[in-house]
Amino acid sequence: MKTATTYVHAGAQPDPSTGAIMTPIFQTSTYVQEAPGKNKGFEYARSQNPTRQALETALAALEHGQYGLAFSSGVAATDAVIKLLVPGDEVIAPNDMYGGTYRLFSKIFAPFGIRFTYVDTSDINNIAKAITPQTRLIWIETPTNPLMSITDIAATAQIAKESGALLCVDNTFASPYLQNPLTLGADIVMHSSTKYLGGHSDVIQGCLVMNDTTLRDKLYFIQKSCGAVPGPMDCFLVLRGIKTLHLRMQRHCENGEKIAHYLRNHPGISKVFWCGFSDHPNYEVARRQMNGFGGMMSFELKDNRPENVTRVLSSTHLFSLAESLGGVESLINHPATMTHASIPREERIKNGLTDSLIRISVGIEDADDLIEDLNTAIG
């Protein structure tokens, strides 16, 4: 099937009891069994739920994978991947990534003896140099949050394969519409389904997609045993969001391109971080592994005094000042005090994430209205 058809129909089967075209919300905690050990494929809702099963089938189809697993949040999905490791194992991760992932790695798992090495993954030589005999996982974001760096997935997958490590790609910023890491050699794809997959800022959820059966079984065991599973209503909402993902992503990309070029030409802006510029350091890599450049970007003001940054952040009307991204509405964010506040300031500054950086998630509104809103706020 073509992409648009897959998105509309993936995981969707008419309900056999009623013919309902939408997957029902199976709001139940348990299932009646005909006899001990004899059931209809469902025993307890932490382990299985028909609504979640439909979503997991859809997620696998979107990422060209064999298996999907849904979790209660993107962080919960990330947590499950790190639980594949044991003390003494090492992880290579980006020095520019979501603050919640850094917090999970450094504050929760590092004390248990998992070692993390943070490098600039946009240069794959840095990844290769960081490999040790104890490296078990390479974790990358591409594009990164919030500096929009690009990592070559296929080249990183080759390094992982040669070293015997797993490669997990956080594909949240791109979405399955723009990028499919499994087809480029990744072992696991992670999404914060809260973002583009859900698409309407009304659900918290995460997911993992993979091809390897043994890996799926290990991650399912973690999912079932640790219990960070989404409820059926949340699964229903993400299933609904997936049906329009291709349409929304087309508009996100169109609006993103217009606004990125507007910001770059604005006299009050000193720098714009967006992977669709032809002079982006890894533009050719992005063009090769992505089907578009999305609606995520960050920028710096020429007048980057704290009071001016605060004024801009507080002066928009269509861009709402809030954490998160990927919804139909546009959002503006201050990473240093919001999404990346958990990263020590000296680490942020060293990696280029300044106190004055502003991140925006461009929604699907009219691009001219969004430009006017930014123009009024920036001055």
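Reply: Happy to! A search of the whole structure turns up nine aromatic pairs. Rings of Phe, Tyr and Trp (using the six-membered ring of Trp) pair when their centres lie within 6.5 Å; planes under 30 degrees apart are called stacked, over 60 edge-to-face, and the rest tilted. One of the pairs is Phe 105 with Phe 116, stacked at 4.6 Å centre to centre with 15° between the planes. Phe 105 belongs to helix H4 (residues 99-109) and Phe 116 to strand E3 (residues 115-119), so this pair ties together parts 11 residues apart in sequence. Helices (H or I, at least four residues) and strands (E, at least two) are DSSP runs, numbered from the N terminus.

A quick note on what you are looking at. This is a predicted model, in which local features need pLDDT of at least 70 and side-chain atom pairs count only at pLDDT 80 or more, while totals for chains, interfaces and linings use all residues. Residues are numbered from 1 along each chain as its sequence is written, and side-chain values use heavy atoms, with hydrogens and water left out.

Phe 105 has 0% relative accessibility, so it counts as buried. Phe 116 is buried too, with a relative accessible area of 15%. Phe 105 also pairs with Trp 139, this time edge-to-face, at 5.8 Å centre to centre and 85° between the planes. Trp 139 lies in strand E4 (residues 135-141) and Phe 105 in helix H4, so that pair ties together parts 34 residues apart in sequence. Trp 139 counts as buried, because its relative accessibility is 0%. Step back, and Tyr 102, Phe 105, Phe 116, Tyr 118 and Trp 139 form one aromatic cluster.

Most residues other than glycine have a negative phi, and most peptide bonds are trans. Here, a cis peptide bond joins Thr 142 and Pro 143, with omega about -5°. Another cis bond joins Asn 145 and Pro 146, with omega about 15°. Pro 143 sits in the loop between E4 and helix H6 (153-163), and Pro 146 is in the loop between E4 and H6 as well.

A charge sits over a ring if NZ of Lys or CZ of Arg is within 6 Å of the ring centre and within 35 degrees of the ring normal. Arg 264 places its charged end over the ring of Phe 277, 3.8 Å from the centre. Arg 216 lies over the face of Tyr 220, 4.6 Å from that ring's centre.

The buried residues of H8 are Leu 215, Leu 219, Tyr 220, Ile 222 and Gln 223. Looking down the axis of H8, these buried residues fall within an arc of 160°, so they line one face of the helix. That arc is taken from the directions from the helix axis to the C-beta atoms. The buried residues of H8 pack against helix H2 (50-62), strand E1 (67-71), helix H3 (74-82), strand E5 (166-170), strand E6 (188-191) and strand E7 (206-210). Contact here means heavy atoms within 4.5 Å.

Finally, the wider setting. Nonpolar side chains tend to be buried together in soluble globular proteins. A nonpolar core is a set of buried Ala, Val, Leu, Ile, Met, Phe, Trp, Tyr and Cys residues joined through side-chain atoms within 4.5 Å. The largest core in this model has 65 residues, and those with the most contacts inside it are Ile 259, Leu 263, Phe 299, Ile 358, Ile 360 and Ile 378. Helix H10 (residues 245-265) gives the largest share of this core, seven residues. Apart from this core lies another, of 29 residues, which includes Ala 80, Phe 109, Ile 188 and Leu 215. Leu 215 is also one of the buried residues of H8.

Notes:
Buried < 20%, exposed > 50% of the residue type's maximum accessible area, 1.4 Å probe, protein only.
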